[in-house]
Structure formats: C-alpha cells, structure tokens
Amino acid sequence: MNRIRIVLLALIAHAVVVDAAETDRWARIFDGYDACFVVHDVRRNETIRWNSGRCATRFTPCSTFKIPNALIALETGVAPDGDFRLRWDGSKQHFSVWEKDHTLRSAMAVSCLWYYQRVAALVGEGRMRDFVNQFDYGNRDLSGGLTRFWLQSSLKISADEQVAFLRKLTEGGLPVSMRSKDIVADALVVSRAGNEVLHGKTGTAGDPVKKIATLGWFVGWHTKGPDTRVFAVNLSGGDNPSGRTAKALTRRLLIQLGVMSADD
C-alpha cells in the first residue's frame, strides 16, 4: 500500500522520513496548542522536527535557563557542588515550596526562582555574559538585567537552539568540566526506570495580570542503554500552556516515538 511520506528536514543532522499517519498522531497529542518539538537521536545523528517554523522561532527561556545558570555557577566556583545552600530571606514567594533554604539541586527540582536569581548575582554580569556567549545560547542578550534577562525579557532561544545547546552538553561540547555536567545532569533527573533515565527542565511564561500561563517549555534528554535522545518542546494557546503541560505532552510524545517506555 502506498503511503504519503513527509521528510522532516534537520538543520544539523540527517533527515528522518516519517509517514503521514505518524504526524497525525503527533498533531493529536498537541491538539489545541500552537506547539513544536525537536527530538535528536545522538547515536544515529538523526533529528525529527515537527512544526519547523515554530522550532526556529525564539521565545523567552524562562526556567529552562536554570540549566546554563547552574553550569555557570559550578564553573565559576560560586557553587562548589550541588549541595550549595542559600538561605531564604523570609519574603513571601509565589509557591510555598520556595519558602525555605535551598541548594542548587533542590532549587532545580522545584524551579525556585529566588535561588537562581541570587546565583546569577553572585556570578556577576561579566562572567555570566562570557559563558552565555561561549555557550552560544540563543540571542545571547543579557540587556534585561542580571537577575531578569531570562524571564520574559531580553534573552530568547528557539527549540532548535535548545537542542543544539543540550547536544553540546550531553556530548561534551560545552566549555565546562565533566564534574559540572554530571552534577547538573543529576539535578535534572525526572524519572528512572531500569536502564532508562529522563532528564528535563520545565519553563513557563505567563500574563501577570490575568495570572495565566502563555508559554510552556520542556527540554532535556532521555537515555536508554547506549541511546540518548535530546529534545525540546514548547507550546502556547490552548488550555494552560505551562511547563507542566509541556512536560506531560512530551512524555506522551516520547512514548509515541518509542523512545521512552510507558511505565517510565
């Protein structure tokens, strides 16, 4: 039986040929959202991309910037390790789980904003700018202020660029030590099942007046035996386009692709 076949072009890897039925299943996963995803198979050097125009469009990274922020803190010695603790100043926070002392690791797990803002301040603008440039992270624009530039401000990055950055991280292509990479990778573990590990970070932009989410990210990588797949998903529109929603839909996508087991 003849089937319509669609070639998804990759910017930095081989194209993967996918049949139309498969793309229809992806569309159903993200039904109601303006969304895109990039999934790169490191060992095979193959990329699947859906909604390529949006994949190339830059958005605010929001809390996904905690990944480079943590790496920079470790590389500069601001954070000696993943247990580097900062004291909560007692101020009211958006979430109650932020109202306590945190470490680099625990702050990543609950996406604690004040912790990583203070880390950025300790790093300082000069060193932060140097590393963001070395990482070639998005548009590399820090003009929005040292503790705000990644929060619906000047810094922008696309899904394609998120995957390029994470590929360099997982493949040892960033100017950071293996120790720093391992500490951050450990802090990003979302789930483990057998020989499968999912690493990831959510990010959410929102309307502060209406108090609703307007953009959700989930970026990271999944390992299973010798295979590593790096991914980035973002979405807007629809019902609650938050990082949490992006994370849930990414899990469905990775299962649909056969990357992740359903019970992971």
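Predicted model: local features only at pLDDT ≥ 70, side-chain atom pairs only at ≥ 80, totals over all residues.
Is R54 buried or exposed? R54 has a relative accessibility of 8%, so R54 counts as buried, the cut-off being under 20%.

**Stop 1: around R54**

Helix α2, residues 52–55, contains R54. Show the residues that R54 touches beyond four places away in sequence: D34, A35, C36, F59, L215, N234, L235 and S236. One of these, N234, has a side chain joined to that of R54 by a polar contact of 2.7 Å.

**Stop 2: across to N234**

Select N234 next. Strand β10, which runs over residues 227–236, holds N234. With a relative accessible area of 0%, N234 is buried. Leaving out residues up to four places away in sequence, N234 touches D34, A35, C36, R54, F59, A159, L215, G216 and W217. Between the C-alpha atoms of N234 and R252 the distance is 14 Å, and the two residues are 18 apart in sequence.

**Stop 3: the nonpolar cores**

In soluble globular proteins, nonpolar side chains tend to be buried together. Select Y115, M128 and F135, the residues with the most contacts inside the largest nonpolar core, which has 57 residues. Stay on F135 and show its partners beyond four places away in sequence: P68, L71, I72, F165, K168, L174, P175 and V176. Then move to a second, separate core of 20 residues, where Y33, L253, L254 and V259 are among the members.

Definitions and conventions. Residues numbered from 1 in each chain as written. Heavy atoms only, no water. Helix = DSSP H or I, 4+ residues; strand = E, 2+ residues; numbered from the N terminus. Buried < 20%, exposed > 50% of the residue type's maximum accessible area, 1.4 Å probe, protein only. Polar contact = N/O pair within 3.5 Å; in protein donor to acceptor, adjacent residues only side chain to side chain. Contact = heavy atoms within 4.5 Å. Core = buried A, V, L, I, M, F, W, Y, C linked by side-chain atoms within 4.5 Å.
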